[in-house]
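Here is a short note for a colleague who has not seen this structure before. Please read the points with the model open.

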Amino acid sequence: CLSIFLLICFFATAVSAATYYVDQNHSQASDENPGTEDLPWKTINHAAEILKAGDTVLVKAGEYYVGSGSWHCPALNPANSGTPENYITFKAYPGHEVRLVADVSAIGSDGRDYIIWDGFIATATCGTVEERPVAIFNAKGIIVQNCELIGHYVETTGNHTVVRIENSEDIVIRNCVIHGSRGICCSQGIQWYGIKDVLIEHCHIYDCDWPIMAKSLGCNVTVRYNLIHDCEIGYEGNHNSGGTNPPYPGCPDRAENIQIYQNIFYACQSNAINLYVNSYNFQIYNNVAYNCKRFISAWQKHENHSIWNNIAVMADRIYDFSQVHPETILNYSDYNNFQSYSTFCTHSYSIYANTLNEWQQKTPFDDHSIESDPLFVNPEAHDFHLRPNSPCLAKEGEDCGGIDKQDYDGDGDTTERINMGCYITGNEIIGPILNQGPQVSNES
């Protein structure tokens with residue numbers, strides 16, 4: 001009986017889901033229509049009022065003005081939430097260019113859960129610090145994927161960003177192009193306060209002062225497979241030390257358990273990564289940092305960071321630590337390749353090393369790291385694959401390359417050798433996956 005009851009419930013849930021259409025250019029488009037492809041709705045705002053768990057709306061080509069929104073609530077804030085099993089999906093019709101324009105904020109969620117935004121071009125135009133195309137506040141299960149998210153120059157040093165996430169969990173920003181957020185200083189691509197379980201992957205973030213900024217706190221965050229360049233600082237965080245911004249429930253009062261791996265950072269005027277303050281247990285591995293002034297900087301209140309298998313080339317300083325001893329900030333650093341740098345330094349403790357060998361002598365770190373040309377295929381064209389004779393490649397029977405500390409292949413052996421840098425197999429896609437970008441969705 002129970003099995004029959006569950007089957008009936010599943011069938012009822014499945015058949016209740018509906019697909020609707022918005023097409024403002026259709027001659028008979030009206031929000032009074034049933035929302036079919038032949039009789040579509042005219043506005044996405046109407047869809048946001050109607051859709052319930054399991055429903056999908058497909059939006060056809062055009063530029064849609066969706067309203068104002070506010071600094072924390074997008075103009076397209078759904079009236080209902082989805083569920084973990086039945087998301088509400090807003091999706092650009094496959095192959096169509098759909099541009100969403102708001103005054104302050106266009107898409108995201110304020111207090112609505114389990115929503116997908118897929119395939120849109122979104123921007124905000126108010127020209128103030130409050131503009132942000134994506135606002136995600138007080139929400140769970142929000143996915144923004146395959147979108148182009150466009151910022152602007154705003155005359156500010158404040159919290160000006162393209163994507164802002166606050167007091168939210170289970171958030172995915174995937175396969176998006178994010179650009180154009182500039183100001184007097186510190187304008188961001190993605191910014192968060194008090195978050196938990198967030199994934200940022202396969203994004204291309206450029207022409208932002210700080211592409212990713214952990215403004216305050218956050219735990220269980222993964223940043224992977226992203227292409228980040230032409231910026232001041234590639235990853236900045238934890239920027240605040242807590243206090244005024246409480247941690248998300250279940251997270252400590254610090255930034256903790258952050259993984260940053262298989263990303264490319266290049267042309268960062270200051271740092272590829274700046275950990276700033278009040279951070280614990282970061283794992284930073286298999287990244288490439290090229291033509292950045294510094295690889296990793298940190299200020300104070302740090303513990304237990306692990307750094308391995310990275311390639312850092314043309315950095316002024318590899319590690320630039322202030323007010324923190326390297327044996328406090330670092331739990332582990334090894335199997336990296338450093339080239340064309342000036343120094344390793346820890347200011348308050350007067351530990352300076354002009355060579356890798358000197359760093360190895362003064363600290364217990366990087367015994368297996370090397371100082372060599374990694375032999376990228378074409379770094380000037382930003383192709384950071386490794387040539388067959390690269391010293392960063394793991395070769396069978398030879399003591400070279402990185403180490404599988406993360407158990408990449410899942411075989412339980414964390415001592416075997418793997419490639420340094422972001423291309424562990426050589427077949428990874430760093431940045432957006434082709435044919436899944438702003439105009440074409442995953443299912444096309």
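1. Buried means under 20% relative accessible area, exposed over 50%, and partly exposed in between, with a 1.4 Å probe and protein chains only. Helices (H or I, at least four residues) and strands (E, at least two) are DSSP runs numbered from the N terminus. The model is predicted: local features need pLDDT of at least 70, side-chain atom pairs count only at pLDDT 80 or more, and totals for chains, interfaces and linings use all residues. Residues are numbered from 1 along each chain as its sequence is written, and side-chain values use heavy atoms, leaving out hydrogens and water.

2. In strand E23 (residues 277-285), seven of the nine residues are buried. Strands pair if DSSP finds at least two bridges between them. E23 pairs in the parallel sense with strand E21 (residues 255-261) over six bridges, where Gln 259 is opposite Gln 283.

3. Three parallel bridges also join E23 to strand E26 (residues 300-303), with Tyr 280 opposite Glu 303. The charged end of Arg 254 sits over the ring of Tyr 280, 4.1 Å from its centre (the cut-offs are NZ of Lys or CZ of Arg within 6 Å of the ring centre and within 35 degrees of the ring normal).

4. Rings of Phe, Tyr and Trp (its six-membered ring) pair if their centres lie within 6.5 Å; planes under 30 degrees apart count as stacked, over 60 as edge-to-face and the rest as tilted. The whole structure has 24 aromatic pairs. Tyr 87 and Tyr 114 are edge-to-face, because their ring centres are 5.4 Å apart and their planes at 85°.
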